[in-house]
Amino acid sequence: MNRPLLVIAPGKEKAILRRHPWIFSGAVKCIEGDPQEGDLVDVVDARGQWLAAGHYQNESIICKVLTFDADEVASPIEEILRRRIHSAVNYRVILGFFGDERTNVFRLVHAEGDYLPGLVADWYNGVLVLQAHSAGMHRLMPVLAELFVHELQTRYPLRSVFDKSSATVPGGGVHDGVIWGEEIAENDVLENGIRLTVNFYEGQKTGFFIDQRENRALVQQLADGRRLLNCFGYTGGFSLAALKGGAEYVETVDISKKAIALCERNVELNFGAEVSHRGVAADVLEYLNTIDKGDHARSFDFIILDPPAFAKNHRSLQQGLKGYRSINQRAMEKIAPGGLLMTFSCSQAVSKEDFQTMVFTSAMNAGRRVRIVRQLPHAMDHPVSIHHPEGEYLKGLLLQVE
């Protein structure tokens, strides 16, 4: 079957030849045919030489490439997806994620890192949550569900496949819900021996921020005897790790009352009602202004900043960096001398260099001496393709503030 063609302008094919999975509209000389959002298209150079095939998008990233293999492109799309899914599952088996008695929540497909641009799949103790970030992948959701069931069901106790793409597929009109198996809205999972309740309809991302698992384990290791403030704490992953690690006192701050309610539920699920924890529904920057004032003044020697993406794209980069500087400077001003600050950016548009420069500026403005203790990437179930360095979206630093 003849597919629409994206014809690449002369000299603009270098990134494609390096197997970068994104093709930008500025590289396209012309389009032959009438591709619709999500259609599979072929990509050729100015001489008509085939380069790749992928999903068409009516935006700046005009195509997300599924294959650069001229032999593979002759296969049915189902076969290409089957190979990718098998490889992704096998990678997690090799790393020991399946069968880990202390952790049963992890990423099973990490988009470009598993050569499936536009698709995320997360395993939540027998519930598989799929999230499409392109119309092309969402159009394939029934096929994907069938392939995952075939790959997993005979070896692992798969109970349900959930589509959570309403907030991520361009154009809207998508509804979240179960597409295979049992109707499950919530499920209990284990991370590093800590129990968590995850709500698939109301939770952010696919339900939980799985990418921070190894960094939460580090908090558990360092928290003994400390007073910890978890900012943008969501449902309390870092707070639970700190309490598990013997923290003297923990506060979780998030602007969402629903998130704080679920955080407190998770705290009680693990530690009972009398544990030394307080949940606060408030704006983080405003709250940081108050922690050393009034009748309830508190000091903290461990602060965690894990905000949402302040810079969604390069157009908003400078404004996003300004937001990161504001919260980091305020945290550095408030933290006890010698305290630990764990700070993150999950903005793909923010480079490691941008992030570290922002931290330097925050330290200078706060008038504090700061040393870098450790770089903090996302967990190893979030692999990054060497052809797509942008996949290393999470930047984090563990700092000591003198």
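The model is a prediction in which local features need pLDDT of at least 70 and side-chain atom pairs count only at pLDDT 80 or more, while totals for chains, interfaces and linings use all residues. Residues are numbered from 1 along each chain as its sequence is written, and side-chain values use heavy atoms, with hydrogens and water left out.

**Stop 1: Q400**

Select Q400, which sits in strand β20, residues 395-401. Helices (H or I, at least four residues) and strands (E, at least two) are DSSP runs numbered from the N terminus. Display the side chain of Q400 together with that of R371: the two make a polar contact at 2.4 Å. A polar contact is a pair of N or O atoms within 3.5 Å; within protein, one must be able to donate a hydrogen and the other to accept it, and residues adjacent in sequence count only if both atoms are side-chain atoms. The Q400 side chain also reaches the backbone oxygen of G338, at 3.4 Å.

**Stop 2: helices α6 and α7**

Select residues 237-244 (α6) and 257-271 (α7), whose axes come within 10 Å and cross at roughly 25 degrees. Axes are lines fitted to C-alpha atoms, for helices over the stretch in contact, with angles from 0 to 180 degrees between N-to-C directions. The crossing angle therefore makes α6 roughly parallel to α7, a term for angles under 35 degrees. To inspect the contact, show L240, L243 and K244 on α6, and N266, V267, N270 and F271 on α7.

**Stop 3: two positive phi values**

Move to N125, in the loop between β8 (119-124) and β9 (127-132). Its phi is near 50 degrees, a positive value in a residue other than glycine. N125 counts as partly exposed because its relative accessibility is 29%; buried means under 20% relative accessible area, exposed over 50%, and partly exposed in between (1.4 Å probe, protein chains only).

Then select F232, in the loop between β14 (227-231) and α6. Phi of F232 is near 60 degrees, again positive in a residue other than glycine. F232 is buried, with a relative accessible area of 18%.

**Stop 4: G172**

Finish at G172, in the loop between β10 (160-163) and β11 (177-181). G172 is partly exposed, at 38% relative accessible area. Draw a C-alpha to C-alpha distance from G172 to A135: the two are 9.6 Å apart in space and 37 residues apart in sequence.

Terms used
Angles under 35 degrees count as roughly parallel, over 145 as roughly antiparallel, 65 to 115 as roughly perpendicular and the rest as oblique. Contact means heavy atoms within 4.5 Å.
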